[in-house]
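Dear colleague,

Please find below the structure that I am handing over to you. My notes on what was found in it follow directly after.

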Amino acid sequence: MLDELKAKNKLWSRTKTEVDPDFFRRLENQQSPEYLWIGCSDSRVPANEIVGLDPGELFVHRNVANLAPPQDANYLSVLQFAVDVMKVKHIMVVGHYGCGGVRAAVDGKRRGLVDHWLHPIRETYAAHRAELEGLDAEKDRWDRLCELNVIRQVQNVATDVFVQDAWTRGAPLSVHGWCYRLSNGLIQDLNVTVSNPAEVDAVLLA
Ligand code: CO
């Protein structure tokens with residue numbers, strides 16, 4: 001079963017070791033990534049690959065529609081470990097245009113538990129209804145909602161007490177909002193980067 005995947009794994013391990021004989025020994029002894037990636041579970045958005053980073057360089061949390069809900073123990077555990085223990089310097093919330101989770105949040109169809117998970121996106125839609133419904137093309141509304149969702153999640157991360165406390169301690173830490181385009185593989189920076197509480201007020205809460 002899954003012999004092709006196992007064969008590919010052997011080839012990958014061999015290739016890595018040929019290029020850098022100490023690669024896995026180094027990784028085994030420590031991981032010290034400078035980045036936390038909060039992205040969508042979508043199989044077309046492979047975090048490390050998109051930004052050209054090796055194993056050990058990117059701490060990754062993925063869920064449907066790249067949410068950072070302030071009551072989600074999974075996300076909060078990852079956030080605290082990344083900020084307090086690994087002391088990452090950058091947190092990127094990375095959405096993607098054409099996100100099925102974002103569309104599912106607002107298409108009115110019933111899918112089950114995921115409809116609850118996606119509830120924050122319906123709130124974001126409601127908060128920006130005038131702007132979104134002012135866009136004629138459905139694709140434009142969908143793309144903009146993908147962006148607005150990222151910005152809202154950046155706000156969640158940046159106002160979280162773990163991040164606020166890190167800033168109080170003087171830790172160098174920035175939170176970024178990006179949107180990845182499936183059609184060309186490029187990341188769009190949404191220019192909502194915040195690196196201290198004053199920037200949160202100016203950029204995200206203004
Ligand atoms: Co998605």
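A residue is called buried if its relative accessible area is under 20%, exposed if over 50%, and partly exposed in between (1.4 Å probe, protein chains only). Please note that this is a predicted model, in which local features need pLDDT of at least 70 and side-chain atom pairs count only at pLDDT 80 or more, while totals for chains, interfaces and linings use all residues. Residues are numbered from 1 along each chain as its sequence is written, and side-chain values use heavy atoms, with hydrogens and water left out.

The metal site

Both C40 and C99 are buried. Together with H96, these cysteines are the protein donors of the cobalt ion: C40 (SG), H96 (NE2) and C99 (SG) lie 2.0 to 2.3 Å from it. Donors are N, O and S atoms within 2.8 Å of the metal (3.2 Å for Na, K and Ca); water is not among the atoms, so sites may look incomplete. C40 belongs to strand β1 (residues 35-40) and C99 to the loop between β3 (90-96) and α5 (100-106), so the pair ties together parts that are 59 residues apart in sequence. Helices (H or I, at least four residues) and strands (E, at least two) are DSSP runs, numbered from the N terminus.

The nonpolar cores

A nonpolar core is a set of buried Ala, Val, Leu, Ile, Met, Phe, Trp, Tyr and Cys residues joined through side-chain atoms within 4.5 Å. The largest one has 45 residues, and L36, I91, V157, V163 and V175 have the most contacts inside it. Helix α9 (residues 138-159) supplies the largest share of this core, eight residues. A second, separate core has eight residues, including V45, M92, V94 and Y180.

The aromatic rings

Rings of Phe, Tyr and Trp (its six-membered ring) pair if their centres lie within 6.5 Å; planes under 30 degrees apart count as stacked, over 60 as edge-to-face and the rest as tilted. Three aromatic pairs were found in a search of the whole structure. One of them, W12 with F24, is edge-to-face, at 5.5 Å centre to centre and 70° between the planes. This pair links helix α1 (residues 3-19), which holds W12, to helix α2 (residues 23-29), which holds F24. W12 is partly exposed, with a relative accessible area of 40%, and F24 is also partly exposed, at 31%. F59 and F81 form a tilted pair, at 5.9 Å centre to centre and 45° between the planes. Of these two residues, F59 is buried at 16%, whereas F81 is partly exposed at 36%.

Yours sincerely
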